[in-house]
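Okay, thanks for making time, everyone. Let me put it up on the screen.

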Amino acid sequence: MTDRKAQLAGNLAKVEERIAAACVAAGRKREEVTLIVVTKTYPADDVRILSELGVRHVAENRDQDAAPKAEACSDLPLSWHFVGQLQTNKVRSVVGYADVVQSVDRARLVAALSKEAVRQERELGCLIQVALDAEETGRGERGGVGTGGIEELAGLVAGAPGLRLDGLMTVAPLTGPYAGREPAAFERLMDLSTDLRSAHPAANMVSAGMSADLEQAVAAGATHVRVGTAVLGVRPRLG
Ligand SMILES: *Cc1c(COP(=O)(O)O)cnc(C)c1O
């Protein structure tokens, strides 16, 4: 095993232990939680190693980095999640490799994703990104729609050709009433998911929790955790 492979294997094992322990603590089955490894800023070689180590879901937040990486890894059995703020001029590229876009947060983006998914004959999973740092009708600092905008956006996705409404995503907010209150933020997301599922029963994905707060997310009921640093190491630059 290369040094890097041994290092990633060790980190993955630790994260796996944390998820398993959080599931036990919450009385949940381990299979209820899917690990998505956030590979942003790290090279395609790392993605390849992760795939060899059994990782099946990876996430990226910038198309410029993600597109060549996904291309270099197109032979691997991976699902690609896009989790960053998405400009409509990047939609064509992102739809070319993403299986799920977790950061759907405005009507214009839904229209662009739908048009492109149809053009490329792909079915694209979509999560509505919820901004818990925004006013109900506002938008988040780091993307996302205020809670008052979820229902309308969900309806648009559900009715859009080429798109599949999969659920909700959030990032624990750094500002606003939920700042520093991850458990409360994730509980709120779960309540919003319950509301969403009453209209869209299949939209049962709840993507929450990162390296620092995955336990709280699993405790609240998250179905997907997005872990970067704890697997790959501290990123050399903000990303
Ligand atoms: C970078 C990122 C993560 C992973 O964060 P870590 O703290 O490195 O685990 C999760 N979700 C999103 C949206 C991200 O941009």
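So, to start: which residue does Arg4 form a salt bridge with? Arg4 pairs with Asp46, and the closest N and O atoms sit 2.8 Å apart. Just keep in mind that we're looking at a predicted model. What this pair does is link distant parts of the chain: Arg4 is in helix α1 and Asp46 is in helix α2, 42 residues apart. And is Asp46 buried or exposed? Asp46 counts as buried, because its relative accessibility is 5% and the cut-off for buried is under 20%.

Let's stay with α1 for a moment. That helix covers residues 3-26, so to speak 24 residues. From first C-alpha to last, α1 reaches 35 Å, close to the 34 Å expected at 1.5 Å a residue. Which residues of α1 are buried? Those are Leu8, Asn11, Leu12, Val15, Ile19, Ala22 and Cys23. And what covers them? Just after the helix you get Gly27, which takes a positive phi of about 65 degrees.

Now, the lysine some of you will want to hear about. UniProt, in an unreviewed entry, lists Lys40 for "modified residue: N6-(pyridoxal phosphate)lysine". Where is Lys40 in the model? You'll find Lys40 in the loop between β1 (34-38) and α2 (44-52). Lys40 is buried, because its relative accessible area is 14%, again with under 20% as the cut-off.

Back to salt bridges. How many are there in the whole structure? The search finds 14. Let me show you a few others.

Glu123 and Arg164 meet through their side chains at 2.9 Å, N to O. This pair, too, links distant parts of the chain: Glu123 is in the loop between α5 (107-119) and β5 (124-130), while Arg164 is in strand β6 (residues 163-170), 41 residues apart. Arg164 is partly exposed, at 32% relative accessible area.

Then there's Asp105 with Arg106, a salt bridge at 2.9 Å, N to O. Asp105 counts as buried at 5% relative accessibility, whereas Arg106 is partly exposed at 23%.

Last one: Arg92, Glu116 and Arg119 are linked in a network of salt bridges.

Notes:
Residues are numbered from 1 along each chain as its sequence is written. This is a predicted model: local features need pLDDT of at least 70, side-chain atom pairs count only at pLDDT 80 or more; totals for chains, interfaces and linings use all residues. Side-chain values use heavy atoms; hydrogens and water are left out. UniProt positions are given in the numbering used here, feature names are shortened, and annotations may be inferred rather than shown by experiment. Helices (H or I, at least four residues) and strands (E, at least two) are DSSP runs, numbered from the N terminus. Buried means under 20% relative accessible area, exposed over 50%, partly exposed in between (1.4 Å probe, protein chains only). The expected span of a helix is 1.5 Å times one less than its number of residues. A salt bridge is a side-chain nitrogen of Lys or Arg within 4 Å of a carboxyl oxygen of Asp or Glu.
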